[in-house]
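Subject: Structure handover

Hello,

Here is the structure for you to take over. My notes come after it.

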Amino acid sequence: MGRKGGRSTSDAKRAASRLNGAFGGRPRTAELLARRVRDAQSLLQPALPNIDPGDLGLVLSCLFRPPRHRQFFMWRDKEGRYAF
Amino acid sequence: MPSSVGGKFLAAIAEALAATKLEAIVVGNVASILNGAPVLTEDVDLLVRDTPRNRLKLRRFATLIGGSAPAPISDLTGTERIYGSTVPVDILYDRLSPRLTFGSIRAHAERLEILGARLTVASLADVIRAKEAADRPKDRAALPILRDTLAVKKAMGKW
């Protein structure tokens with residue numbers, strides 16, 4: 001049983017994994033989020049002229065994150081620093 | 001991307017609510033954040049019906065999340081607080097304002113999943129109404145970004 005040699009993944013998957021995070025390669029999660037926010041902001045900003053562009057970007061980046069990845073709380077740790 | 005500390009704590013709250021069969025609605029700024037508002041808070045606010053059975057369930061709920069028994073915050077309010085968990089949990093009973101009753105808030109609330117557990121979350125419009133009714137300085141400070149978030153959500157719905 002177990003691995004008997006040879007390739008564990010397809011050529012396409014190996015090529016994609018080599019490009020992870022590399023310049024010009026497959027975008028990382030943060031880049032995907034940033035692009036999604038930018039695209040939505042360019043569409044929505046004309047319809048929402050009273051909303052500050054910085055605030056609109058913050059709202060969109062919060063809306064596009066799954067709830068489990070959002071920051072909720074602020075409290076002081078044992079050394080008196082603020083933690084989130 | 002790892003889950004945030006807050007995300008894990010809210011999942012623990014959802015599991016404890018399910019284990020105790022306590023019907024509660026997340027209100028306050030945690031509800032704002034779950035609705036997409038970019039704000040932070042220092043506690044969790046839960047709205048429950050004030051019944052003797054729910055008071056018993058709340059004691060067990062507090063134990064499950066690693067907190068103290070719910071105790072009144074002051075003589076001036078009916079709100080109770082659970083200390084000792086990751087962040088304090090405030091328990092509000094029956095209503096947020098004369099018009100914002102448990103039933104009316106639940107009618108507009110949404111069920112959200114966090115790490116496999118489900119929470120009932122007040123709508124952003126109801127959170128805004130509650131803050132307008134409370135009208136404390138901290139509520140007034142939060143209102144502009146909450147109103148902006150509601151406008152963005154409405155615009156995205158048309159988009």
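This is a predicted model: local features need pLDDT of at least 70, side-chain atom pairs count only at pLDDT 80 or more; totals for chains, interfaces and linings use all residues.

Overall build. Chain B contains six helices and seven strands, arranged along the sequence as α-β-α-β-α-β-β-β-α-β-β-α-α. Its C-alpha atoms occupy a box of roughly 45 × 40 × 25 Å along the principal axes. The radius of gyration of chain B is 15 Å, which agrees with the value near 15 Å for a compact globule of 159 residues. Of those 159 residues, 38% are buried. Among contacts in chain B with a separation of 6 or more, 55% are between residues 24 or more positions apart.

Contact with chain A. On the chain B side 27 residues are in contact with 22 residues of chain A. Helix 1 (5-20), helix 2 (28-34), strand 6 (110-114) and helix 6 (137-158) of chain B each supply at least two residues to that side. Helix 6 gives the most, with seven residues. By class, the side of chain B that touches chain A has 18 nonpolar, seven polar and two charged residues.

Helix 5 of chain B. This helix spans residues 124-134, and its buried residues are Leu124(B), Asp126(B), Val127(B), Ile128(B), Ala130(B) and Lys131(B). The C-alpha atoms of Glu132(B) and Leu143(B) are 7.8 Å apart, with the two residues eleven apart in sequence. Asp135(B), which follows helix 5, has a positive phi near 55 degrees.

Regards

Technical notes: Residues are numbered from 1 along each chain as its sequence is written. Chains are lettered from A and ligands numbered from 1 in the order in which they are written. Two residues are in contact if their C-beta atoms, placed from the backbone, lie within 7 Å. Helices (H or I, at least four residues) and strands (E, at least two) are DSSP runs, numbered from the N terminus. Ala, Val, Leu, Ile, Met, Phe, Trp, Tyr, Cys and Pro count as nonpolar, Asp, Glu, Lys and Arg as charged, and the others, Gly among them, as polar. A residue is buried if 20 or more other C-beta atoms lie within 10 Å of its own, exposed if 12 or fewer, and partly exposed in between; C-beta atoms are placed from the backbone. The radius of gyration is taken over C-alpha atoms; the globule rule is 2.2 Å times the number of residues to the power 0.38.
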